[in-house]
Amino acid sequence: MMNRLTPYDEAQALVAAVRVHEFTKKASPSFKEVAEILEMTTDWVSRVCSELTEKGIVDLVEGPFQTTCIVIEDHLAVESLPKKARENRMEEELKKFKEKTAGLYEQKVKAIQEEQKKKEQDLYNDIADKFKRELDS
């Protein structure tokens with residue numbers, strides 16, 4: 001398998017595996033059966049099926065023995081999927097986190113520096129007042 005599949009490639013592979021299984025076994029496949037055909041994990045199949053179900057490409061139906069079976073609803077909708085590889089999810093989340101927290105660290109550092117300056121100024125004023133009182137007495 002390629003390193004990074006596009007949503008289009010994932011959908012094509014999954015739909016093809018469903019068709020192969022239906023052709024050879026005369027029944028709709030489960031996540032496990034599609035995972036075996038594609039040599040992928042059932043988690044991968046589940047994730048792709050969730051995305052394709054939202055888009056109306058496949059449907060998940062209750063099969064025999066409480067298994068979820070995958071049924072193709074609209075194979076032509078696969079053509080509308082992005083043919084560009086998606087960013088790594090971890091990279092996406094890290095990027096969002098960095099964007100969200102970009103100014104927070106600078107603000108926090110600035111606040112601490114201002115607080116430190118104020119403390120130093122207060123200490124200087126206290127010492128100056130004490131020194132002035134001692135000179136006045």
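Mentor: Contact, a word we shall need at once, means heavy atoms within 4.5 Å. This is a predicted model, in which local features need pLDDT of at least 70 and side-chain atom pairs count only at pLDDT 80 or more, while totals for chains, interfaces and linings use all residues. Residues are numbered from 1 along each chain as its sequence is written, and side-chain values use heavy atoms, with hydrogens and water left out.

Trainee: Leaving aside its neighbours within four places in sequence, which residues is Gln 12 in contact with?

Mentor: Gln 12 is found in helix H1, where helices (H or I, at least four residues) and strands (E, at least two) are DSSP runs, numbered from the N terminus. Gln 12 counts as partly exposed at 30% relative accessibility, a class that lies between buried, under 20% relative accessible area, and exposed, over 50% (1.4 Å probe, protein chains only). Although Gln 12 and Val 78 are 66 residues apart in sequence, their C-alpha atoms are 6.9 Å apart in space. With neighbours within four places in sequence set aside, the contacts of Gln 12 are Val 78 and Glu 79.

Trainee: Within what arc do the buried residues of H2 fall, seen down its axis?

Mentor: In helix H2, which spans residues 31–38, the buried residues are Phe 31, Val 34, Ala 35 and Leu 38. These residues line one face of the helix, because, seen down the axis of H2, they fall within an arc of 100°. That arc is taken over the directions from the helix axis to the C-beta atoms, and its value for H2 is 100°.

Trainee: Which helices and strands do the buried residues of H2 pack against?

Mentor: After H2 comes Glu 39, whose phi is positive, near 55°. The packing partners of the buried residues of H2 are helix H1 (7–25), helix H3 (42–54), strand S1 (58–62) and strand S2 (68–72).

Trainee: How far apart are the closest N and O atoms of the salt bridge between Lys 32 and Glu 36?

Mentor: Lys 32 and Glu 36 are exposed residues on the face of H2 turned away from its buried side, with relative accessibilities of 54% for Lys 32 and 51% for Glu 36. Because they are four residues apart in helix H2, about one helical turn separates them. A salt bridge is a side-chain nitrogen of Lys or Arg within 4 Å of a carboxyl oxygen of Asp or Glu, and between Lys 32 and Glu 36 the closest N and O atoms are 3.8 Å apart.

Trainee: Which residues are linked with Glu 10 in a network of salt bridges?

Mentor: A search of the whole structure finds six salt bridges. One of these joins the side chains of Glu 51 and Arg 47 at 3.1 Å, N to O, and both residues lie in helix H3, four residues apart, about one turn of the helix. The network links Glu 10 with Arg 47 and Glu 51.

Trainee: Which residues make the nonpolar surface patch of about 330 Å²?

Mentor: Patches are made of residues with over 30% relative accessible area and no salt bridge, like charges being joined within 9 Å and nonpolar side chains (Val, Leu, Ile, Met, Phe, Trp, Tyr) within 5 Å. The areas come from the Shrake-Rupley method with a 1.4 Å probe, and for residues only the protein chains shown count as cover. Phe 97 lies in helix H4 (residues 89–136) and counts as partly exposed at 43% relative accessibility. The patch of about 330 Å² is made by Leu 94, Phe 97 and Tyr 105.
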